[in-house]
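These are my notebook entries on one protein model. I set down each item that I looked up, with the criteria applied to it.

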Amino acid sequence: MILLTDSEDSDLAAKPDWPTKTTSKLRDFLSVFQYSQRALQLVWSTSRPLTWGLMLLTLIAGVMPALAAYLGQLIVDGVLAAINTYQQQGAVDYWPIMKIVALEGLVITTLAAAQRGLSAQQSLLKALMGQRVNVMILEKAQTLSLAQFEDSEFYDKLTRARREASTRPLALVNKTFSLIQNSIALASFAVLLVQFSPWALLVLFIAALPVFISEAKFSGDAFQLSRWRSPELRKQMYLETLLAREDSIKEVKLFGLGTLLLDRYKAIFNTLFSAEKRLIIRRDLWGFALGLLGTLAFYAAYAWIVVEAIQGLITLGEMTMYLLIFKQGQAAISTNLTAISGMYEDNLYLSNLYEYLEQPVETESGSAQLGPLPNDGIRFEAVSFTYPGANKPAIKRISLHLPPGQSLALVGENGSGKTTLIKLLTRLYRPDDGRILLDGLNLNEWDPQSLRERVGVIFQDFVRYQFLVGENLGAGDVSEFNNEARWQEAGRLGLADPFINQLNDQYHTQLGRWFKGGQELSGGQWQKIALGRAFMRSKADILVLDEPTAAMDAEAEAQIFEHFRSHARQRMVILISHRFSTVRMADNILLLRNGEIIEQGNHASLLAENGRYAELFHLQAKGYRLD
Ligand SMILES: Nc1ncnc2c1ncn2[C@@H]1O[C@H](COP(=O)(O)OP(=O)(O)OP(=O)(O)O)[C@@H](O)[C@H]1O
């Protein structure tokens, strides 16, 4: 068995002949079968009746071929005897042979019915299992952290798990049953064949072995190849999205990027294809060469049986039966061997699935629903944070205090750490250093659900759900997702109500272009919907607006913020904006640069300080004539 280590599989493309590890081949080979049992459990727990059905029909389909071969022998020998009787007596009783013919017909019909039944049950299980595994994958995704999603290696794992694993568990189980079925058939053939010669039995097995070894070897290679291809396939999928999705096609067309991107797409395919081609050719050449050995063995045994029949050592009926058994036996063995190597491949794919499903989940510790100082609000105490893999901190020793009823504006150039601060506050990430307190209690000690309920946040890249208008609003509070009265209230507060009422079906209008009858909105209209979503969170007393108003004019933005403040009496409002016309309304303003607070105060005090804030404000005011 060839198994490549991680370091080896990265340069597969450069190595047409991949290195073989002769040591521990068998162990490696056997170790991958550890997932067979789990796949069986998965099928069993998906549908017990169908699994029972599979077992029963497998048994029937396994026994029938040998029975048919045996009846065939009885028929041929019976016919020969009947011919003799007919020639001697001029008459014969047809009934005994006809009974066997009818019986064989029944056996073959039963076999056909069992096979049909098997395939019908497999199709049903396939649908159920596909759904089950996909749900498992998606449920697991809900427990993972944002950092895991942003990790490209992890994302690869997820894509690999999703791509094939939903069909693999059943494929594995089907192969297991096919293995059992063929093994039963083989055992019953063996009972018949051993009467001819035990050596014939041995020939049958040994002849099939080389094909099996080559199949197993190349399945391992195919899996390693597919693992190696995974990041490249993801790039291809991304390019497909750019080339064929409505949200990117606009820019691709106008910048004339189509050919360039398509060339990249083709180049990736060509690299992948050349590696695949090498594997396919090697696999089939070896398969053919080793398969020849099997064919030779079969014809040698054929000749042997013919000779014995001519010498009268076996009857014509027996000869027919042995030849049939030999032919079918060989087919059963090769099906078995292919099934085993296929199982090996399925197991390797399943290891992907379980690798993903067993990805450790960051435990959301904490169960507190109240803090010791209910009116203390939010405190950052010397908080620092560096993104995984980044070489410098995004936030450095930030300290701030935001009491209830107050508003805070974060300003600073792009990349100064404003959004990161919000991600830390909403616990999407955890600080490397320092503490964040809510009502006097460290965020880590809060019950995740209670914390989530208290925060309403709209990010600059908020989601445009391709749902109804009302559902887009309702998404802000799952417990009120379908509450139409609340939709309307949120729409009014988000200043979206006037344009929503002009849509064809008002709050029941389908949004976006993905689905039939969908209505696309302007950038500013989408933002108003997103703001309305924030107003759905009636329990939230921390409202965060991370530039969701960028597509609105300065006046609308100021109006929105004012709206938020007036509806937020005892709430804490945090606003990120590049517009000083809005920022100036906040009770407290923080100016960030390179992850650090360089100035803070209210608008008047910051202007009086005449520092960077004042400089930026006057610069913008010149353009807008604010001062
Ligand atoms: N997911 C991430 N992984 C690694 N680094 C990140 C990630 N997100 C942001 N950064 C880096 O962290 C720093 C702070 O980014 P942040 O998004 O907080 O800036 P910002 O002040 O909100 O900027 P903007 O005004 O452009 O929205 C930047 O240097 C950015 O490159």
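**Entry 1: the strands around E8**

I began with strands E3 and E8, which run parallel and are joined by four bridges. Strands here are DSSP runs of E with at least two residues, helices are runs of H or I with at least four residues, and both are numbered from the N terminus. Two strands count as paired if DSSP finds at least two bridges between them. I noted the basis of the work: this is a predicted model, in which local features need pLDDT of at least 70 and side-chain atom pairs count only at pLDDT 80 or more, while totals for chains, interfaces and linings use all residues. Residues are numbered from 1 along each chain as its sequence is written.

Within this pairing, I found serine 407 bridged to valine 573 of E8. On strand E7 (residues 542-546), I recorded five bridges to E8, again in the parallel sense. Leucine 545 is placed opposite leucine 575 in E8.

I then asked how many of the five residues of E8 (residues 572-576) are buried. Five of the five are buried, so the strand is largely enclosed by the rest of the structure. (Buried means 20 or more other C-beta atoms within 10 Å of the residue's own, exposed means 12 or fewer, and partly exposed lies in between; C-beta atoms are placed from the backbone.) In a regular strand, side chains alternate between the two faces of the sheet. In E8, I see Met572, Ile574 and Ile576 pointing one way and Val573 and Leu575 the other, and all are buried.

**Entry 2**

I next followed E3 (residues 407-412) to E9, where five bridges make a parallel pairing. Leucine 408 faces asparagine 588 in E9. Strand E9 (residues 588-593) is mostly covered, with five of its six residues buried.

E9 also pairs with strand E10 (residues 596-601), in the antiparallel sense and over five bridges. In that pairing, leucine 591 has glutamate 599 of E10 as its bridge partner. E9 and E10 form a hairpin with two residues between them.

I looked up two asparagines. Asparagine 594, in the loop between E9 and E10, has a phi near 50°, a positive value in a residue other than glycine. Asparagine 594 has 15 other C-beta atoms within 10 Å and is partly exposed.

Asparagine 610 lies in the loop between helix H21 (603-609) and helix H22 (612-624). Its phi is positive, at about 55°, although the residue is not a glycine. Is asparagine 610 buried or exposed? I counted asparagine 610 as exposed, with 10 C-beta neighbours inside 10 Å.

**Entry 2: the four-stranded sheet**

I traced an open sheet of four strands, paired antiparallel in the order E2-E1-E4-E5. Its edge strands are E2 (395-402) and E5 (441-442), each of which pairs on one side only. Strand E1 (residues 378-385) runs antiparallel to E2, with five bridges joining them. Arginine 379 has histidine 401 in E2 as its bridge partner.

**Entry 3: the ligand shell**

Which residues are around the ligand? I listed Glu150, Tyr387, Ala390, Ala394, Gly412, Asn414, Gly415, Ser416, Gly417, Lys418, Thr419 and Thr420. The criterion is a C-beta atom, placed from the backbone, within 6 Å of the molecule. Helix H13 (residues 418-425) supplies the largest share of this shell, three residues. By class, I noted three nonpolar, seven polar and two charged residues. (Ala, Val, Leu, Ile, Met, Phe, Trp, Tyr, Cys and Pro count as nonpolar, Asp, Glu, Lys and Arg as charged, and the others, Gly among them, as polar.)

**Entry 4: the whole protein**

I recorded 22 helices and 10 strands in the protein. The radius of gyration is 36 Å, well over the 25 Å that the globule rule gives for 627 residues, so the protein is more spread out than a compact globule. (The radius is taken over C-alpha atoms, and the rule is 2.2 Å times the number of residues to the power 0.38.) Along the principal axes, the C-alpha atoms fill a box of roughly 130 × 55 × 55 Å. Buried residues make up 32% of the 627 residues.
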